[in-house]
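This report describes selected residues and the ligand surroundings of the model shown below. Readers new to the structure may wish to keep it in view while reading.

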Amino acid sequence: MAISIKISKTTQSRIHLCDFENIEFGKIFSDHMFRVDYTDGKWQNPEIIPYGPISIAPSLSAIHYGQSIFEGMKAFKNDAGGALLFRPRDNARRLNVSARRMGMPEIPEELYMAGLTQLVQLDKDWIPTKEGSALYLRPFMFATDDFVGVRPSVNYSFMIFCCPVNSYYPKPIKVKIEEKYVRASSGMAGFAKAAGNYGISMLPSYEAKKEGYDQIIWTDGNSHEYVEESGTTNLFFVVNDQLVLTPKLDGNILAGITRDTCIQLLKEKGYQVEERKIGVQEIIDWCKAGELTDCFGTGTAAIIAKIAAIGYQGNDYELPEAEQRVVSNYLYNTIYGIQTGKIKESHDWSMPL
Ligand code: COI
C-alpha cells in the first residue's frame, strides 16, 4: 500500500544562502525535514515540513536516559542531474538493529524509504556536485515520553534532515590508540548507532586533540590489546599492499555499510581480506618494519579517511604519503564513482530516485 505523506513546503527557500563552493560539514540544513511519530503502538501522521526547531518537554526521556539512535546516509547527483542514494535500505535495516538493542520500536522499511525518497526528491536542488561533496542525510529516532521514570518510552519520533557537505576529513588524519577509555565491551551496545556511543567519545577525542591527534582508535575493554574502530569510522590496515585486515564484527563495533562495501570491492579485485581480531602490537610491528603500506577509516561521512600517522604510547608512526596509497585510492575512486553514477556496478548499491 502506498504511504501517504503530508507535505507542507516552505514559502522561503534558504538555498541562496548556501555557498556550495565552501561547505562546512554539518552546519547548513536544507529546506525540509521528515517526521513521523510513534503513538498508541503505531507510526502515525508522516509529514514533510520546513526544516526548523521542534518543541520538546524538559522531561523528554531521550535527553535523560539516551534512547536515541541515528543513521548517516548520502544522496548524490549523476551527470544528468538525477538524484542517487547509496545503499539506503541497508541503513533502514541497521537503524532497526539499533532500535531493537535500545528497546525502541522498529520503523517499517517502506515508511523509512517513503519519507527518505520524498524528502530528497523535494530538496534535490540542495545536492552539491563539487568533487567529494554530497547531501548528507541524517535519519534519527528518539524517545519522546514526558516522563522521568526509568523505563522504555512509549512514544517516539523518527525524523530525517539533510545537509550539503564536503568530505568529513579534508586531509589525512593522525590517530592515537586509546588505552584509557573504553567505548564498548561484550554485551554492551557497541554495534548500535546509539547517540551515547558518540557521547562517550567526546572527552577521549578532546584529550587526543590536545595532544595533536585528529581522532582516537578505540581498543577492547578487557586488555586494550586489540583495535576496534575509530571515533567516526571503521578501520582497515593494509600489509605490503596485499593483505587487508579489518576488525571483525564482534558486537562491539558498528557494522559499517562503507566497511562492507570496501570488503566486497577488495575481494572482487582479488585482495586477500581478513576480518579478525587485530592486535595493537601487530600494527606497531608492521609500522616498524615499514610493512603497513596503507591504513584508513571508512564511513558514510568520511567515505575513506586516510590515516597519516598512528600514535601509541608516546611514539608516532608515520605512514606512506596519500598519493602512494594503492588500496585507499582505489576504494575512494570506486566508491565515489559508484555513488555519483560514473561507475556502473552490479550490486544495485546505487538507487536512482
Ligand atoms: C557517518 O559517517 O554517517 C557517521 O555517523 C559518523 C558521524 C558521527 C559523522
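## Isoleucine 200

Isoleucine 200 is placed in the loop between α4 (195-199) and α5 (202-210). The model is predicted, and in it this residue has a relative accessibility of 41%. Isoleucine 200 is therefore classed as partly exposed, because that category lies between the buried limit of under 20% and the exposed limit of over 50%.

Apart from residues up to four places away in sequence, isoleucine 200 touches Val182, Arg183 and Trp218. Proline 172 is 28 residues from isoleucine 200 in sequence, and the C-alpha atoms of the two are 24 Å apart in space.

## The ligand and its surroundings

Which residues are around the ligand? They are Phe70, Gly72, Tyr136, Arg138, Tyr168, Lys193, Tyr198, Thr232, Thr300 and Ala301. The space that the ligand takes up is the largest pocket.

In the side chain of tyrosine 136, an N or O atom is 2.5 Å from an oxygen atom of the ligand. A polar side-chain atom of lysine 193 is 2.7 Å from a ligand oxygen atom. With threonine 300 the backbone is involved: one of its polar backbone atoms is 3.3 Å from an oxygen atom of the ligand. The ligand taken alone exposes 280 Å², of which the protein buries 90%.

## Serine 30 and phenylalanine 20

The loop between β1 (6-7) and β2 (32-39) holds serine 30, and phenylalanine 20 is also found between β1 and β2. Is serine 30 buried or exposed? Serine 30 is buried, because its relative accessible area is 0% and the limit for that class is under 20%. Its side chain is joined to the side chain of aspartate 123 by a polar contact of 2.6 Å. When neighbours within four places in sequence are left aside, the contacts of serine 30 are Arg14, Tyr51, Asp123, Trp126 and Cys162.

Phenylalanine 20 has a relative accessible area of 23% and so counts as partly exposed. Tryptophan 126, which is in contact with serine 30, is also touched by phenylalanine 20. The C-alpha atoms of phenylalanine 20 and tryptophan 126 are 8.8 Å apart, while 106 residues separate the two in sequence.

## Asparagine 252

Asparagine 252 lies in the loop between β13 (243-246) and α6 (257-268). Its relative accessibility is 9%, and asparagine 252 therefore counts as buried. A polar contact of 3.2 Å links its side chain with that of glutamate 228.

Beyond its neighbours within four places in sequence, asparagine 252 is in contact with Glu228 and with Arg183, Ala184, Ser185, Ser186, Gly190 and Phe191. Arg183 is also among the residues that isoleucine 200 touches.

## Threonine 233

The loop between β11 and β12 (234-239) contains threonine 233. With a relative accessible area of 6%, threonine 233 is buried. Once neighbours within four places in sequence are set aside, threonine 233 is in contact with Gly297, Thr298, Gly299 and Ala302.

Leucine 111 is 122 residues from threonine 233 along the chain, and a distance of 28 Å separates their C-alpha atoms.

## Two residues with positive phi

Most residues other than glycine have a negative phi. Aspartate 40 is not a glycine, yet its phi is positive, at about 50°. Histidine 224 likewise has a positive phi, near 60°, and is a residue other than glycine.

Aspartate 40 counts as exposed because its relative accessibility is 68%. Histidine 224, by contrast, is buried, because its relative accessible area is 15%.

Note on methods: Residues numbered from 1 in each chain as written. Predicted model: local features only at pLDDT ≥ 70, side-chain atom pairs only at ≥ 80, totals over all residues. Heavy atoms only, no water. Helix = DSSP H or I, 4+ residues; strand = E, 2+ residues; numbered from the N terminus. Buried < 20%, exposed > 50% of the residue type's maximum accessible area, 1.4 Å probe, protein only. Polar contact = N/O pair within 3.5 Å; in protein donor to acceptor, adjacent residues only side chain to side chain. Contact = heavy atoms within 4.5 Å. Near = heavy atom within 4 Å. Areas by Shrake-Rupley, 256 points an atom, 1.4 Å probe, with all protein chains shown as cover. 1 Å grid on protein atoms, 1.4 Å probe; cavity = no way out; pocket = protein on both sides within 12 Å on 5 of 7 lines; lining within 4 Å. Sits in = over half its atoms within 2 Å of the grid points.
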